[in-house]
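Colleague: Could you take me slowly through one part of this model, namely the charged side chains that pair up with one another? I would like a careful account that starts from a single residue.

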Amino acid sequence: MKELIAKYIEEIRAAKIDGIEDKAAAVEQFRVRFLGRKGIMNELFEQFKKAPGEQKKELGIALNQLKTAAQEKVEEFKNFVEQSVELNDTHDLTLPSDFADRGSRHVLSVTMNEIADIFARIGFTIEDGPEIEDDYHVFTALNFAPDHPARDMQDTFFVEKDPNVNKPTDVLLRTHTSGVQVRVMERQKPPIRVIMPGRVFRNEAISARAHCIFHQVEGLYIDKKVSFTDLKQTLLYFAKEMFGPDTQIRLRPSYFPFTEPSAEMDISCNICGGKGCNICKGTGWLEILGCGMVDPNVLEASGIDSKEYSGFAFGMGVERMAMLKYQIRDLRLYFENDLRFLHQFDSLV
Ligand code: PHE
């Protein structure tokens, strides 16, 4: 019986269906012969039952080898048949092949990476914070008064409502990345030099100029003797790296609860070079970010001694940066995933 099994295994290993006309039938015939109900395998098992006890171990192993060999061969034949059917019936091998569609980065990712890269070159590292935030980190610790309008349902998406009083709870989608400033100050001691990219949410009607989801890059620098001059030079460096070496900046007084003094920064229009065009609405300037010196109240709220340390912060909209850099006219394009739009940025990395 041992020799018989060895002979079958050899036969199976050598079996071929290449030259046979009706391959599917040949495979089935092969399967039935070895593995069918009245096939060789079962017949051998019957004999095996009657074999003397001391031979059983060896024969059992050999039988299993035979079974595996037969099963593997059937699989191999089946694959072969499938492939040859496909090739013969549906493929014209003379046709040129399709081009695989290569993926590429979204223009917002490219822009965010570029901003991060520019600040990394002057020692800023990247920090992250949660998109689902609490009132404390997004508003209170940033010196927002309890009745500040930004807390209004108009602007903020609240995640939960208190079922008893039907009033918003403390859990909300962050309306700006400034909350990450607070989290960083809570977990790091100065000197702090970080940028914080991320997605933010505001309850706004969607149009070409506004969206309920967008991205910001926040910056925070805290150390001894940080001054407004440092802020200005850092942002001038950024503007030149981002929009070209001839770019000029202008700071206009503004207001944010968490910075004092606060400013908004404009860059000279990168389209007309400052002469005035329809992009800058004839002014020669484009607004790109908000910034200021971190309010001492904000430092103190996060346990940083405002007598010893000072700092600056800034926050910019990534969609706006990309709009200015690549002349994108409608915010909605970023989120529609229209390939005709996305493919225009394939060459950016
Ligand atoms: N958080 C502000 C906004 O969303 C931007 C900002 C950040 C302003 C940091 C000053 C300092 O408009």
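Is Lys49 buried or exposed, and what is its relative accessible area?

Modeller: Lys49 counts as exposed, because its relative accessible area is 55%, where buried means under 20%, exposed over 50% and partly exposed in between, with a 1.4 Å probe and protein chains only. Please keep in mind that this is a predicted model, in which local features need pLDDT of at least 70 and side-chain atom pairs count only at pLDDT 80 or more, while totals for chains, interfaces and linings use all residues. Residues are numbered from 1 along each chain as its sequence is written, and side-chain values use heavy atoms, leaving out hydrogens and water.

The partner of Lys49 is Glu46, with which Lys49 forms a salt bridge whose closest N and O atoms are 3.3 Å apart; the term stands for a side-chain nitrogen of Lys or Arg within 4 Å of a carboxyl oxygen of Asp or Glu. Both residues belong to helix α3, which covers residues 40-50, and they sit three residues apart, about one turn of the helix; a helix here is a DSSP run of H or I with at least four residues, numbered from the N terminus. Whereas Lys49 is exposed, Glu46 is partly exposed, with a relative accessible area of 42%.

A second pair to look at is the salt bridge in which the side chains of Lys2 and Glu58 meet, with 3.1 Å from N to O. This pair links distant parts of the chain, since Lys2 lies in helix α1 (residues 2-14) and Glu58 in helix α4 (residues 53-90), 56 residues apart. Lys2 is partly exposed at a relative accessible area of 42%, and Glu58 is also partly exposed, at 46%.

For an arginine, turn to Arg332, whose side chain meets that of Asp330 in a salt bridge with an N to O distance of 2.8 Å. Arg332 is counted as partly exposed, because its relative accessibility is 31%.

Salt bridges can also join up beyond a pair: Arg250, Arg252, Asp266 and Glu287 are linked by them in a network.

Methods. Helix = DSSP H or I, 4+ residues; strand = E, 2+ residues; numbered from the N terminus.
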